[in-house]
Amino acid sequence: MNVTKQKYKGRKFHNENCPQKVAAEQRGYAGVPASVRIAETSDIITDLPTDSLLKRIISRDNMNTAYFKVKSNRGAGGVDKMSVDELLPYLREHRLSLLQQIRDGKYKPNPVRRVEIPKEERGKTRKLGIPTVVDRVIQQAIAQILTPIYEPQFSEASFGFRPKRGAHDALKTCQRYADEGYVYVVDMDLEKFFDTVCQSKLIEILSRSIKDGRVISLIHKYLNAGVIRQGVFERSEQGVPQGGPLSPLLSNVMLNELDKELERRGHKFVRYADDCMILCKSRRSAERTLASIIPFIEKKLFLKVNREKTSVAHISKVKYLGYGFYRYKGKCRFKVHKKSLAKMKKRLRAITNRSKAISNEERPLILKRFVKGWVNYFKLADMKNMLRQLDEWLWRRIRAIYWKQWKKVKTRCRMIRRYNLPDWKVHELANCRKGIWRAALMLNQILTNKEIARQGYISLTSYYEQVCEN
């Protein structure tokens, strides 16, 4: 299927009982139900009247819930530079006209603001599209109503962007399959998934379950809203803008087609957003699976498989959601992947950079937030010994910060005397002519681990022992 053609841009969807063709259709007329036109079997799961879905989306309760969700998430403004704090006065003034435009199908979303953040691979970036705060509220309202409709359709093997499911559930499922003998993995990588989604195919899939044409039209408008990059408008004829509240749901709707195909073939698999792993019992079986699933992804879903990053490997050789796998006493266990560890140490170096202008009161708070978030994510992994070594390294970096701050000998004397050392020891330490890193090792006599903890710094090992789940 080709991407939506230019001649359909801006075209309104048909009115009920009108034989006009719909932009998302390739064959058939609008008078025929979407599920009959597109799917061999009916997949419509809602028996609501044609126009009731939009009414539920723009209902007062749903819009209020969406507003509070957007407000709690904060986030940067879009192309209109309106902040979240300015949203409520704007909605109070324009609420009625905004809802009427949505009802009449005349609402036109603003383009998203392009933001590029660096990826782990050098020179590569992840493209985000930041909608305006008003559009975020409307997208959130749509997602709140559509999520209960699509949740029953989604696979049990899908874990990304779904209620009461997360990365830990996906990892535990991988662990269970590995213990059952499925130890060879098809590590699938979809190249630039959010940027290459075929919008026509996505609209076709949405039309199977959504009978309200105005909702389909509104979603299509968001897909075609365009992008503002460095002040220049760019059309968005393909892809789903990554960064809005609606994009996670749309990505799951699209990739649910892949889930259904894998289930139909009887494969064991786990998918978190666009990160998919298919597990097999032998390398040969995994290679056959890879060769057979690529044509479906590229010819049926119009997505592109990254051949360089997609591979067949033993589960002990792969990285999934930041974790690695290993076998101990016949059971599959988790570990922190070396790339995740390197990324974490890079962040710790930035926080404890002694040339960075961070106060002694603020640095422990920044470090505590990062450590708690990181350890809570990797709490399934076996890493006690690794964290003990990291703690020693981290404490030494913190001592180096204090030593550099005590720049002059008289300052060092004054600070060291606080710890009730003999005068000869005070003068010996204060007049040390070693480098900062070497001097930091000597400071463990006064800045003990207990003293550093008293300053507000958190120990990775102690926090891990509180939350670990292995």
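At what angle do helix H12 (residues 338-351) and helix H14 (residues 384-405) pack, and how far apart are their axes? In this predicted model, the two helices pack at about 20 degrees, with axes 11 Å apart. Angles under 35 degrees count as roughly parallel, so H12 ends up roughly parallel to H14. The crossing of H12 past H14 is right-handed. On the H12 side, the contact involves Leu 341, Met 344, Lys 345, Leu 348 and Arg 349, and these meet Met 386, Leu 390, Trp 393, Leu 394 and Arg 397 of H14. Sorted by class, that makes seven nonpolar and three charged residues, with no polar ones.

Now for a second pair. The axes of helix H8 (residues 199-207) and helix H9 (residues 213-223) come within 11 Å and cross at roughly 160 degrees. Since angles over 145 degrees count as roughly antiparallel, H8 is roughly antiparallel to H9. Here, too, there is a right-handed crossing as H8 passes H9. H8 brings Gln 199, Leu 202, Ile 203, Leu 206 and Ser 207 to the contact, while H9 supplies Ile 216, Ile 219, His 220 and Leu 223. The tally by class for H8 with H9 is six nonpolar and three polar residues, and no charged ones.

With 18 residues at 1.5 Å a residue, H5 should span 26 Å, and its end C-alpha atoms sit 25 Å apart, so the two values agree. H5 is also mostly covered, with 16 of its 18 residues buried.

Notes:
Residues numbered from 1 in each chain as written. Predicted model: local features only at pLDDT ≥ 70, side-chain atom pairs only at ≥ 80, totals over all residues. Heavy atoms only, no water. Axes fitted to C-alpha atoms, helices over the stretch in contact; angles between N-to-C directions. Helix = DSSP H or I, 4+ residues; strand = E, 2+ residues; numbered from the N terminus. Parallel < 35°, antiparallel > 145°, perpendicular 65-115°, else oblique. Left-handed = near helix turned anticlockwise from the far one by under 90°. Contact = heavy atoms within 4.5 Å. Nonpolar A, V, L, I, M, F, W, Y, C, P; charged D, E, K, R; others polar. Expected span 1.5 Å × (residues − 1). Buried < 20%, exposed > 50% of the residue type's maximum accessible area, 1.4 Å probe, protein only.
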